[in-house]
Amino acid sequence: MTFSISGLAVSRGIAIGRAVLVGSIRVDVAHYFIEPEQIESEIDRVRRGRNAVVEELQRLQDELSPDAPQELAALLDVHLMLLQDDTLTTGIKHWITERLYNAEWALTTQLEVISRQFDEMEDQYLRERKADLEQVVERILRYMKGVACPVVSPPSSLPRKTQQDLLLDDTMDVPLVLVAHDLSPADMLQFKKSVFAGFVTDVGGKTSHTAIVARSMDIPAVVGARVSSQLVRQDDWVIVDGDAGVVIVDPSAIILAEYGYRQRQMELERERLTRLRHTPAITLDGHRIELLANIEQPSDAAAAVRVGAVGVGLFRTEFLFMGRHGRLPDEEEQYRAYCEAVEGMQGLPVTIRTVDVGADKPLDKSHKESHLSPALGLRAIRWSLDDPAMFRVQLRALLRAAMHGPVSVLFPMLAHTREIHQTLAQVDLARAELQERGQVCGPVRLGAMIEVPAAALMVRTFLRYFDFLSIGTNDLIQYTLAIDRADEAVSHLYDPLHPAVLRLVADVIAQCHAHGKSVSVCGETAGDVEMTRLLLGLGLRSFSMHPAQILAVKQEILRADTRKLVPWARQVLLADDPAAFMAL
Ligand code: PEP
Ligand code: MG
């Protein structure tokens with residue numbers, strides 16, 4: 001039966017495909033497709049993981065003292081039965097063999113399938129045994145990762161039900177849509193290498209980093225779809241409407257035909273836009289506008305060049321640091337990554353931002369759980385300044401990479417003059433360390449992100465220290481309006497057109513012009529075609545966005561006349577309700 005789920009539209013386009021559910025297990029799980037020749041070794045990896053856990057539990061059972069609580073013995077029995085049950089192993093083999101999922105992904109997918117069966121059981125006691133299954137799977141996953149885990153759980157018994165009927169024999173060429181409760185930015189990067197046609201998550205806001213990565217991949221996505229991961233089942237047909245923010249499950253033939261038609265229309269529009277690739281971005285009244293790319297990985301430089309970006313305005317280096325279980329990239333690894341981006345841009349300027357972990361970009365899952373208000377905590381430059389030796393590893397790698405092309409270094413989340421001094425002192429120290437080693441540094445321009453209201457209000461101070469500024473509207477909106485950008489519950493209040501936000505943005509642009517310093521916007525508003533004319537009217541001449549947005553924004557610029565937009569933008573700034581004014 002067809003039904004739809006509403007969420008937030010975060011990445012445009014329409015995807016039609018089969019749902020792939022990703023469970024919300026507490027262990028970091030990598031998801032990737034394997035090559036057919038790896039099938040046997042992946043099955044073997046799970047087998048070894050499972051056997052090791054069986055042995056461990058049997059050993060525990062043997063060592064159990066006679067006065068140990070009976071419940072503990074019963075618990076071990078149940079876990080052993082679950083581990084040795086065919087339902088688990090047959091299903092895992094299916095996902096590895098038929099879908100080419102890696103071992104961990106196959107394990108969690110099968111967990112999801114069996115969990116649904118538990119959920120549907122009438123007997124409450126049996127239904128609650130799902131938790132035991134989750135623990136057993138988590139144990140295997142931890143073993144496969146080399147992390148030991150303690151035995152803690154209530155006693156339970158084993159429900160029996162076959163899942164053969166749930167196994168589907170689809171081939172790999174059907175488009176796949178990923179459905180999950182939540183996806184970390186690091187998960188998203190894993191998926192970047194995969195073949196998903198669309199994404200749906202239960203949680204997340206429009207400018208959460210997961211949404212940003214989906215946009216950077218130019219894949220239709222809906223976030224904040226509340227209970228989608230509970231309502232959609234593995235292999236259901238789904239349509240992701242990334243423009244309307246709607247997910248249609250099990251669509252009828254008529255709905256499928258309608259969306260198929262819209263999908264083709266959008267593809268034609270995209271093709272038409274590619275003709276603008278070599279056209280300079282010049283307004284009707286002759287202002288040349290700089291269109292730069294935001295990238296998350298060095299390899300993204302290729303997409304930036306493909307759409308005619310004139311440089312990189314924001315390389316978010318934190319993605320190099322994520323999901324590594326505490327082992328951070330060393331100077332050589334970072335240096336190679338920055339060089340790859342610089343060389344990938346073929347002589348065009350590259351602005352590389354120092355690491356911005358924290359908030360909704362945890363290093364890994366444990367990091368996220370250990371912080372109370374991560375957006376207000378030790379993130380971005382605060383994290384770097386908290387560990388100056390680690391910070392200088394990055395700075396040295398950046399200074400060395402600057403030998404290979406024009407590099408600017410950008411610092412995130414600065415808010416205090418003291419932090420500015422500390423940051424610049426670390427840059428000097430990093431230069432001195434390289435000199436001492438006899439290594440040369442390239443020339444770099446230094447810039448600051450303006451993404452905290454405090455920074456916007458003291459912009460003149462920033463201009464004394466930095467060569468350029470970049471306005472991070474995603475955080476500037478979050479911190480000005482006190483709206484967690486990753487929380488779908490308050491996403492209706494996240495407003496780029498709020499008068500307070502607009503005044504801060506307008507003032508930063510005006511101050512930069514007055515002091516002869518360059519300024520760009522690198523938050524999501526830069527890539528929003530609804531905002532292009534207003535930003536031009538406020539005097540902005542440099543926009544940095546995902547490569548996928550560049551041609552659509554260029555089209556707006558080619559139709560714009562700043563002589564008309566400047567007085568109009570002034571009126572928008574004075575309006576109580578700028579959005580309503582703009583609609584008029
Ligand atoms: C911003 O805050 O607008 C920005 C570009 O930085 P990030 O989205 O990575 O926090
Ligand atoms: Mg930011």
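Helix axes are lines fitted to C-alpha atoms over the stretch in contact, and angles between N-to-C directions run from 0 to 180 degrees. Helices (H or I, at least four residues) and strands (E, at least two) are DSSP runs, numbered from the N terminus.

This is a predicted model, in which local features need pLDDT of at least 70 and side-chain atom pairs count only at pLDDT 80 or more, while totals for chains, interfaces and linings use all residues. Residues are numbered from 1 along each chain as its sequence is written, chains are lettered from A and ligands numbered from 1 in the order in which they are written, and side-chain values use heavy atoms, with hydrogens and water left out.

**The chain overall**

The chain holds 25 helices and 16 strands. It has 584 residues, and 56% of them count as buried. Buried means under 20% relative accessible area, exposed means over 50%, and partly exposed lies in between (1.4 Å probe, protein chains only). Contact means heavy atoms within 4.5 Å. Among contacts with a separation of 6 or more, 72% join residues 24 or more positions apart.

**Two helix pairs**

Helix α1 (residues 39-63) meets helix α3 (residues 86-99): their axes come within 9 Å and cross at roughly 155 degrees. The two are therefore roughly antiparallel. That term covers angles over 145 degrees; under 35 counts as roughly parallel, 65 to 115 as roughly perpendicular and the rest as oblique. From α1, the contact uses I39, E42, I43, V46 and R50; from α3, T89, I92, K93, I96 and T97. By class, this contact has five nonpolar, two polar and three charged residues. Here Ala, Val, Leu, Ile, Met, Phe, Trp, Tyr, Cys and Pro count as nonpolar, Asp, Glu, Lys and Arg as charged, and the others, Gly among them, as polar.

Helix α4 (residues 103-119) packs with helix α6 (residues 130-145) at about 175 degrees, their axes 10 Å apart. This pair, too, is roughly antiparallel. Residues in the contact include L107, L111 and F118 of α4 and L133, V137 and M144 of α6. The classes are 10 nonpolar, two polar and four charged residues.

**The magnesium site**

E451 (OE) and D475 (OD) coordinate the magnesium ion (ligand 2) at 2.0 to 2.1 Å. E451 sits in the loop between β13 (444-450) and α18 (453-457) and D475 in helix α20 (residues 473-481), so the pair ties together parts 24 residues apart in sequence. Donors are N, O and S atoms within 2.8 Å of the metal (3.2 Å for Na, K and Ca); water is not among the atoms, so sites may look incomplete. Both E451 and D475 are buried.

Neither residue below is a glycine.

**M545**

M545 belongs to strand β16 (residues 542-545). Its relative accessibility is 2%, so M545 counts as buried. Leaving out residues up to four places away in sequence, M545 touches L291, L292, A293, N294, A526, G527, I550 and V553. M545 and V312 are 233 residues apart in sequence, yet 8.9 Å apart in space, C-alpha to C-alpha.
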